[in-house]
Amino acid sequence: MKINSVKQFFINMLLYTSIAGVIYFLYTPLNKNSNNKTSSSIQFVYQQF
Amino acid sequence: MLPFSCLEFFVIMLGFIAIVCAAKYVVASKNYKYILAFLNALFLVVVYPKPYHFLLLIIFSYAATYFVSEVIKFNKKILGILILLLPMLLVKLDIRFGFYPFELNNLLSFAGLSYASFRIMGYYMDKAPNEKMPDFASYFNYLAFTPTLLIGPIDKFSRFKSSQNTGFENINTQNFIIGWNALIKGIAFKYIFAEVIDRYWLNVYNPSSKEILHMANNMYAYYLFLFFDFAGYSNMALGVGKMMGINVPVNFLNPFVAVNPQDFWRRFHITLGEWLRDYFFTPLYLFFSRMSRFKKHPLARQNIALVLTFLLMGCWNGFKFNFILSGLIFGIYSAIHNTYVTNCKKKGKDVFFGNLNPTAVKYISIFIMFNLAAFALYIFSGRCPLL
């Protein structure tokens, strides 16, 4: 599982950076989307009790 | 704080991983379980809502398993199962005993009760009559392992124990990278894909709208949302578990390419499918096999056992009409598919697709199964306005 190629390293770096960027965009308080509420299976489980 | 529900949880997990990795160099291999037990207990007591309720359930189930398997030694496991599942049954059936000054239901109900009950029953069912009870630390870790605490995947005790026995050895660079990749995949699934679907697709049309197109939109959106949300959670649990030295079973394996109901349950919530097969379908099928009226009808007993198994799955989510109906629908899908497979074998040819090209058959099957699963899960969601 070692990253053997420089290409793979940069692809991973790009992927992680974009994931971090999108997460920042979605969850920053500056994102004033009216649907800005996470409804997840975790909450679904919790709501049952 | 619930697992994977906020940023602080990830910080705590990072700390746990660091502690386990550091302990590898100073603690003897056989003591891994105590380090894990300490961390799991720490998470439960310090940040988990209703921690003592969970601890009480673990103590109750350990004592009850010992009592029914080593003291009373019930010949039929069903009595032991009923005792062990009693807390969950009281909560799910909403049976309330109001003993002043506390209500029993408040004491019994807490997040994670269902999954813990599944694991408790799994251990009791697998336990051989002469097998000794495990040490409490291993049993505690099996039920309270932080990444899988809330919604699985549902592990088996033997699998968990063997992973725990080599806990420190499992912590190495290769496993760390595998775990890290699973964690990143889970984060992308849950916090990006599921979140985007939820915000920008799932609520485009009013869920109570009875227009066919709106309902179809909500159906597909919910299916994708549920998959990304749940598979994301499972992947994160798998990733963190791997980095802490525990191999958590895979729970989702691209269910969108399933070609039939059987294949679907081997790809969607795999551990629940396996659990239902091992602890409900197989015993039920064997029970029917012993009944004289079913002896000559193997197909009928298979189908009845299938429908009852999926009905149980529906009921487990809660005794609500939408859950039970979706379980029944999945059961009917499986029974129809089982009948189709049996007929194909009997006649030596495909009774539905005939001589159609196998590749075409595969893609048509995927299309049909995708829509059938989306429909059943739409009913499950309780968002269908026709119910």
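Chain B of this predicted model has an average pLDDT of 89, and 97% of its residues score at least 70. For the model, ipTM is 0.71 and pTM is 0.88. Chain A contains 2 helices and 0 strands. Of its 49 residues, 4% are buried. The description below concerns chain B.

Two helix pairs were examined. In the first, helix α4 (residues 77–92) of chain B packs with helix α6 (residues 113–126) of chain B at an angle of about 175°. Their axes lie 10 Å apart. An angle over 145 degrees counts as roughly antiparallel, so α4(B) and α6(B) are roughly antiparallel to each other. The α4(B) side of the contact consists of Lys77(B), Gly80(B), Ile81(B), Leu84(B), Leu85(B), Pro87(B), Met88(B) and Val91(B). These meet Leu113(B), Ser114(B), Ser117(B), Ile120(B), Met121(B), Tyr124(B) and Met125(B) of α6(B). By class, the residues of this contact are 11 nonpolar, 3 polar and 1 charged.

The second pair is α11(B) and helix α16 (residues 358–381) of chain B. Here the axes come within 9 Å and cross at roughly 85°. Angles of 65 to 115 degrees count as roughly perpendicular, so α11(B) is roughly perpendicular to α16(B). From α11(B), the contact takes in Met219(B), Tyr220(B), Tyr222(B), Tyr223(B) and Leu226(B). Their partners in α16(B) are Ala373(B), Ala374(B), Phe375(B), Leu377(B), Tyr378(B) and Ser381(B). This contact has 10 nonpolar residues, 1 polar residue and no charged residues.

The largest nonpolar core holds 99 residues. Within this core, Tyr222(B), Phe225(B), Ala376(B) and Leu377(B) touch the most other members. Helix α11 (residues 212–243) of chain B gives the most to the core, with 16 residues. Two of the residues named for the core, Tyr222(B) and Leu377(B), also take part in the contact between α11(B) and α16(B). Phe225(B) has contacts beyond its neighbours within four places in sequence. These are with Ala194(B), Ile197(B), Asp198(B) and Leu202(B). In soluble globular proteins, nonpolar side chains tend to be buried together.

Tyr233(B) also lies in helix α11 of chain B. There are 29 other C-beta atoms within 10 Å of its own, and 20 or more make a residue buried, so Tyr233(B) is buried. Tyr233(B) and Ala374(B) are 141 residues apart along the chain. Their C-alpha atoms are separated by 20 Å. Ala374(B) itself belongs to the α16(B) side of the contact with α11(B).

Two residues of chain B stand out by their backbone angles. Most residues other than glycine have a negative phi. Lys50(B) has a positive phi of about 55° although it is not a glycine. Lys50(B) sits in the loop between α2 (32–47) and α3 (51–71) of chain B. Lys50(B) is partly exposed, because its C-beta neighbours inside 10 Å number 17. His269(B) likewise has a positive phi, near 50°. The loop that holds His269(B) runs between α12 (261–265) and α13 (270–290) of chain B. His269(B) is buried, because 24 other C-beta atoms lie within 10 Å.

Helix α13 of chain B contains Gly273(B). Gly273(B) counts as buried, because 20 C-beta neighbours lie inside 10 Å. Leaving out residues up to four places away in sequence, Gly273(B) touches Trp265(B) and Arg266(B). Gly273(B) and Ser381(B) are 108 residues apart in sequence. In space they are 19 Å apart, C-alpha to C-alpha. Ser381(B) is also one of the α16(B) residues that meet α11(B).

Tyr340(B) is located in helix α15 (residues 321–347) of chain B. Tyr340(B) counts as partly exposed, because 14 C-beta neighbours lie inside 10 Å. Not counting residues up to four places away in sequence, Tyr340(B) touches Val351(B) and Phe352(B). Tyr340(B) and Phe352(B) are 12 residues apart in sequence. Their C-alpha atoms are 7.9 Å apart in space.

Terms used: Residues numbered from 1 in each chain as written. Chains lettered and ligands numbered in written order. Predicted model: local features only at pLDDT ≥ 70, side-chain atom pairs only at ≥ 80, totals over all residues. Helix = DSSP H or I, 4+ residues; strand = E, 2+ residues; numbered from the N terminus. Buried ≥ 20, exposed ≤ 12 C-beta atoms within 10 Å, placed from the backbone. Axes fitted to C-alpha atoms, helices over the stretch in contact; angles between N-to-C directions. Parallel < 35°, antiparallel > 145°, perpendicular 65-115°, else oblique. Contact = placed C-beta atoms within 7 Å. Nonpolar A, V, L, I, M, F, W, Y, C, P; charged D, E, K, R; others polar. pLDDT = per-residue confidence, 0-100. Core = buried A, V, L, I, M, F, W, Y, C linked by C-beta atoms within 7 Å.
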